[in-house]
Amino acid sequence: MTATAPAAPHGTTHEPGHAHGPHRNYVKIWGILVLLLVVSVVGPMLGIRWVMLVTAFGVALVKAYMVAKNFMHLDIEKPIVHWILLVALALMVLLYGALAPDVQKGAGQGWKKDAGFHHSFVTSKPHEAGGHEKPGAPPENAEHDKP
Amino acid sequence: MSVKTIATQRASMNIPTGRLAVWWVLVSEIVIFGGVLVSYLMHRLGHPEWGEQAAYTNLWAGAFNTLVLLSSSLSAVLAHQAAEKGDGPKAARLLYLTILGGLIFLIVKSFEWTHEIQEGFTLQAGGFWSYYYTAAGLHAFHVIAGMGVIAWVASSARKNQELHRVENVGIYWHFVDIVWIFLFPLLYIAK
């Protein structure tokens, strides 16, 4: 026969969270994050492209990792959490991979974006871009609409 | 009559229900912010001229706000530590500090935006500014929402009640911090 401890009434006590994880010096971790912030601000000031990429974006990745690991305690979180987060991140990569060729390239084999494509943001109305439709002319697909 | 929660622990995963729910929320947030950031990244790489527009953002304001959010994350995780030890009042005080961090962040942001709009850099000033206001605005909205939820959690933590929520709300706040960690170089540093 086994004895079990009586369950504490919900809401009056704290459920065990990550109390048994490794001891962390949060203030020290914060200090390192601030130091990395200084590096990410000073690095790009040198004006060298690769230094800017490493200090701005590389350091951002390190900072995000440190926050996720030490503050969100992802290192001792259950595997299911890692998996669902990875799926969401994979969707980001998929989005980039699927759309980047169209968005970033201006021309390819047998196709080329017209001159106005990249300026569509600043053109508020379609007719200002010099549309092909003449005033009063029927739409191009009017023929198909006939019974 | 008291209301009782039906399930506080997912037996199959051995994870508290509330914490699992927060992670699911964050997964949907990754999809939302991920969509905006990836879309921005693609357009930014396709438009080198956006660098000239990005040069007008205030690097020091962005850096200061990063420092503020990192510090508010520190107070959030220290609040979690206090809650683990059963010290609700201390956890509440640290959560109020986190809210203060969020408030300072929003004040700096509002000054920044006011100045930029007065200079003519509105939402319609160009592709870069459209993304700038959309991404930073969406993030600011999450800061405001987080401050509200943290205030609610702190009010019960002060009475030593529902202390497990301190960790849950902290996880959310750290995520908001991480999003800003990526927004800062994308919007303020890459010129």
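Okay, some housekeeping. Residues count from 1 along each chain as its sequence is written, and chains are lettered from A, with ligands numbered from 1, in the order in which they are written. The model is predicted, so to speak: local features need pLDDT of at least 70, side-chain atom pairs count only at pLDDT 80 or more, and totals for chains, interfaces and linings use all residues.

Let's start with chain A. You'll find four helices and two strands there, where helices (H or I, at least four residues) and strands (E, at least two) are DSSP runs, numbered from the N terminus. Going from the N terminus, the order is α-α-α-β-β-α. Chain A has 147 residues, and 14% of them are buried. Buried here is 20 or more other C-beta atoms within 10 Å of the residue's own, exposed is 12 or fewer, and partly exposed is in between, with C-beta atoms placed from the backbone.

Chain A is also split into domain 1 (22-71) and domain 2 (77-102), with bounds from an automatic or database domain assignment. Their centres, taken over C-alpha atoms, are 23 Å apart.

Most residues other than glycine have a negative phi. His73(A) has a positive one, near 60°. You'll spot His73(A) in the loop between α2 (49-71) and α3 (79-104) of chain A. Is His73(A) buried or exposed? Buried, because His73(A) has 21 C-beta neighbours inside 10 Å.

Over in chain B, Asn160(B) isn't a glycine either, and its phi is positive, about 60°. Asn160(B) is in the loop between α5 (127-157) and α6 (164-189). Asn160(B) has 17 C-beta neighbours inside 10 Å, so it counts as partly exposed.

Last stop: a helix pair. In chain B, α4 (residues 88-118) packs with α5(B) at about 160°, their axes 9 Å apart. Axes are lines fitted to C-alpha atoms, for helices over the stretch in contact, and angles run from 0 to 180 degrees between N-to-C directions. So α4(B) is roughly antiparallel to α5(B), the word for angles over 145 degrees.

Who makes the contact? On α4(B), the residues include Leu95(B), Ile99(B) and Phe105(B), and on α5(B), Val143(B), Met147(B) and Ile150(B) are among them. Contact is C-beta atoms, placed from the backbone, within 7 Å. The contact residues of α4(B) and α5(B) come out as 16 nonpolar, four polar and one charged. Nonpolar covers Ala, Val, Leu, Ile, Met, Phe, Trp, Tyr, Cys and Pro, charged covers Asp, Glu, Lys and Arg, and the others, Gly among them, are polar.

How values were computed
Angles under 35 degrees count as roughly parallel, over 145 as roughly antiparallel, 65 to 115 as roughly perpendicular and the rest as oblique. Two residues are in contact if their C-beta atoms, placed from the backbone, lie within 7 Å.
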